[in-house]
Amino acid sequence: MSTINQPRWQPVAQQAEFNTADEDMSVIQRVHCLITEAIYQRASDIHFEPYENEFRIRYRLDGLLIQVASPPQALAGRIISRIKIMANLDISERRIPQDGRIRHNYSPQHSADLRVSTCPTIDGEKVVIRILDTAIDELVIDELGFNELQKNHFLHAISKSQGMILVTGPTGSGKSRTLYTALNQLNTPDKNISTAEEPVEIKVAGINQVNVNPKVGLSFATTLRAFLRQDPDIIMLGEIRDLETADIAIKAAQTGHLLLSTLHTNSAAETLTRLLNLGLSAVNIASSVSLIIAQRLVRQLCPHCKVASTTTLSFKACGCERCNQGYRGRIGLFEVMPISKTIRQQMMAGESSLQILQQAKDEGMISLYEAGLEKIKNGITTLEEVIRVTTVD
């Protein structure tokens, strides 16, 4: 999503005035307004949800879903059909899920890539539009949220000519942005960089990007094998999901390639256990993985209305015309674990993730919660936010 000067900022409750203000506005205009407003608001997703007695539209703003409109149910089918037409989907097919893409021009100079997913429900088709953040010029390491030590570990790892860097966390925790920030730093004319993603989220000149498509046999493993026959320097895989992909990735990292990828685990130390559970040997993991990063995203306090607390020496969210309930934007919390010689020895000796975690802490690693406390101390976020994103049931 390209960065532009926003013409205004209003609380979400005041948005989508097209819902009731202009009954003559066409469905085409309504959908265009919905998507454009979502982009201006920096939403990551738009949900179009039909129910028995209402049609609800919600934006995901800074990680939370907020209702922005409830058009008349009579418009629901027409709005959904309009989105499907924009995404080149079959408007007559309402029984099975469909996926498509849209290039949305929201100003004369700017456009955004949208990913569209439909799903049949008992009350009609639900549609979710993912707004892909394609602003490569915003991928700056200093804006991710690392502290100085974490940043140094990150820069050191990506400066190596070989090895594996893994970024872990749940869906929507900013993993792709961290990886693309690394690629943006490494993208020079003397490097051959290739990525395999499902789908490609940020188009970058100078990088060979492949949309993985398992339906036609183009899996992560197949694509990775093709990359290795094309003289690569740096490879990025959207996700390591199975033993076949993990095994090829390990071999690539051991044979003179820098490989970056993601996994779904709760912490940096647990990532090692996850790799073992996939079927990799401890020796191969220890000899290839150079850095593991676990991350989450917390909402940032609005700088215009945050108020200092006299009792806790921190700040609290208030809310103003420039923000959403006292918050504006998000920033990363990170757990950065370099794989030191001692940790490699522990891995090969079969020690537990808890023992490895303790060693990492002895070497200076801070947990996600401790990283959050740093952000609270610096007036960036609140304790409630840190607890919300770091608590694991």
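Which strands and helix do the buried residues of H11 pack against? They pack against strand E12 (289-301), strand E15 (327-338) and helix H12 (383-390). The model is predicted. This briefing covers helix faces, helix pairs and some loop residues.

**Helix H11**

- Helix H11 spans residues 368-377, and its buried residues are Leu368, Ala371, Gly372, Lys375 and Ile376.
- Viewed down the axis of H11, these buried residues fall within an arc of 150 degrees, so they line one face of the helix.
- An α-helix has 3.6 residues a turn, so residues three or four places apart point the same way.
- Glycine 379 follows H11 and has a positive phi, near 75 degrees.

**Helix H5: the buried face**

- In H5, Phe220, Ala221, Thr223, Leu224 and Phe227 are buried.
- Down the axis of H5, the buried residues fall within an arc of 160 degrees, so they too line one face of their helix.
- The cover over the buried residues of H5 includes strands E8 (193-197), E9 (208-211), E10 and E11 (258-263).
- Helix H6 is also part of that cover.

**Helix H5 against helix H6**

- H5 packs with helix H6 (residues 243-254) at an angle of about 20 degrees, and their axes are 8 Å apart.
- That angle makes H5 roughly parallel to H6, because angles under 35 degrees count as such.
- The crossing of the two helices, H5 and H6, is left-handed.
- H5 brings Phe220, Ala221, Leu224, Arg225 and Leu228 to the contact.
- H6 brings Glu244, Thr245, Ile248, Ala249 and Ala252.
- Sorted by class, the contact of H5 with H6 holds 7 nonpolar, 1 polar and 2 charged residues.
- Phe220, Ala221 and Leu224 are among the buried residues of H5, and they also take part in the contact with H6.

- Aspartate 231 and proline 232 both sit in the loop between H5 and E10.
- For this loop, H5 covers residues 220-228 and strand E10 covers 234-237.
- Aspartate 231 has phi near 55 degrees, a positive value in a residue other than glycine.
- Is aspartate 231 buried or exposed? At 64% relative accessibility, aspartate 231 counts as exposed.
- Proline 232 is buried, with a relative accessible area of 6%.
- Beyond its neighbours within four places in sequence, proline 232 is in contact with Asn192, Phe227 and His257.
- Phe227, one of these partners of proline 232, is itself among the buried residues of H5.
- Proline 232 and glycine 100 lie 132 residues apart in sequence, and their C-alpha atoms are 30 Å apart in space.

**Helix H1 against helix H2**

- Helix H1 (residues 27-40) and helix H2 (residues 76-86) pack at about 70 degrees, with axes 10 Å apart.
- This makes H1 roughly perpendicular to H2.
- On the H1 side, the contact involves Val27, Ile28, Val31 and Ile35.
- On the H2 side, the residues are Arg78, Ile79, Arg82, Ile83 and Met86.
- The contact of H1 with H2 divides into 7 nonpolar, no polar and 2 charged residues.

**Helix H9 against helix H10**

- The axes of helix H9 (residues 341-348) and helix H10 (residues 353-362) cross at roughly 175 degrees and come within 10 Å.
- H9 is therefore roughly antiparallel to H10.
- Thr342, Ile343, Gln346 and Met347 of H9 meet Gln355, Ile356, Gln359 and Ala360 of H10.
- By class, the contact of H9 with H10 has 4 nonpolar, 4 polar and no charged residues.

**Other loop residues**

- The peptide bond from glutamate 198 to proline 199 is cis, with omega near 0 degrees.
- Proline 199 is in the loop between E8 and E9.
- Aspartate 62 belongs to the loop between strand E2 (55-61) and strand E3 (64-69).
- Phi of aspartate 62 is positive, near 50 degrees, in a residue other than glycine.
- Aspartate 62 counts as buried, because its relative accessibility is 14% and the cut-off is under 20%.

Note on methods: Residues are numbered from 1 along each chain as its sequence is written. This is a predicted model: local features need pLDDT of at least 70, side-chain atom pairs count only at pLDDT 80 or more; totals for chains, interfaces and linings use all residues. Side-chain values use heavy atoms; hydrogens and water are left out. Helices (H or I, at least four residues) and strands (E, at least two) are DSSP runs, numbered from the N terminus. Buried means under 20% relative accessible area, exposed over 50%, partly exposed in between (1.4 Å probe, protein chains only). Contact means heavy atoms within 4.5 Å. Axes are lines fitted to C-alpha atoms, for helices over the stretch in contact, and angles run from 0 to 180 degrees between N-to-C directions. Angles under 35 degrees count as roughly parallel, over 145 as roughly antiparallel, 65 to 115 as roughly perpendicular and the rest as oblique. A crossing is left-handed if the near helix is turned anticlockwise from the far one by less than a right angle, and right-handed if clockwise. Ala, Val, Leu, Ile, Met, Phe, Trp, Tyr, Cys and Pro count as nonpolar, Asp, Glu, Lys and Arg as charged, and the others, Gly among them, as polar. The arc is that of the directions from the helix axis to the C-beta atoms.
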